[in-house]
Amino acid sequence: VQLQASGGGLVQPGGSLRLSCAASGRTFSTYVMGWFRRAPGKEREFVAGISRVGISTYYADSVKGRFTISRDNGKVYLQMNSLKPEDTAVYFCAASPLGGLAYREIDYEYWGQGTLVTVSS
């Protein structure tokens, strides 16, 4: 699986962005998908995940209620609302072959190249 993330940019606090991740390959539906982020000077952290068929979603506490992950037709999305300066980071999409929830980097086998989100006035 090859992943290509896009949609990052500069947005003011309180604004919204929608990230997209396009997955190549015919086995997309067999992977749990996730979004991670790496803020400046920090380690990469889990943001959101979605099950193979999109029924189950789960989020880091820091984004719960503001971010929404979804998937459809070979793409996974991250809708980000009410953005805060602390959401500034490079965002990565990733694919996990595990059958259950996947929160850890080690659970994910394939990674996109990252897209930068900057929240600033």
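This is a predicted model: local features need pLDDT of at least 70, side-chain atom pairs count only at pLDDT 80 or more; totals for chains, interfaces and linings use all residues.
Residues are numbered from 1 along each chain as its sequence is written, and side-chain values use heavy atoms, leaving out hydrogens and water.

**Exercise 1.** Find how many helices and strands the protein chain has.

*Solution.* Start with the rule: helices (H or I, at least four residues) and strands (E, at least two) are DSSP runs, numbered from the N terminus. Counting them gives zero helices and eleven strands. Written along the sequence, the pattern is β-β-β-β-β-β-β-β-β-β-β.

**Exercise 2.** Work out where Arg104 lies and whether Arg104 is buried or exposed.

*Solution.* First, locate Arg104: the loop between β9 (89-96) and β10 (110-111) holds this residue. Next, recall the cut-offs: buried is under 20% relative accessible area, exposed is over 50%, and partly exposed is in between (1.4 Å probe, protein chains only). Arg104 has 53% relative accessibility, so Arg104 counts as exposed. Lastly, look at distance: from C-alpha to C-alpha, Arg104 and Gly25 are 23 Å apart in space, and 79 residues apart in sequence.

**Exercise 3.** Compare the radius of gyration of the protein chain with that of a compact globule.

*Solution.* For 121 residues, the rule gives a value near 14 Å; the protein chain has 13 Å, so the two agree. To finish, the C-alpha trace spans about 40 × 25 × 25 Å along its principal axes.

Technical notes: The radius of gyration is taken over C-alpha atoms; the globule rule is 2.2 Å times the number of residues to the power 0.38.
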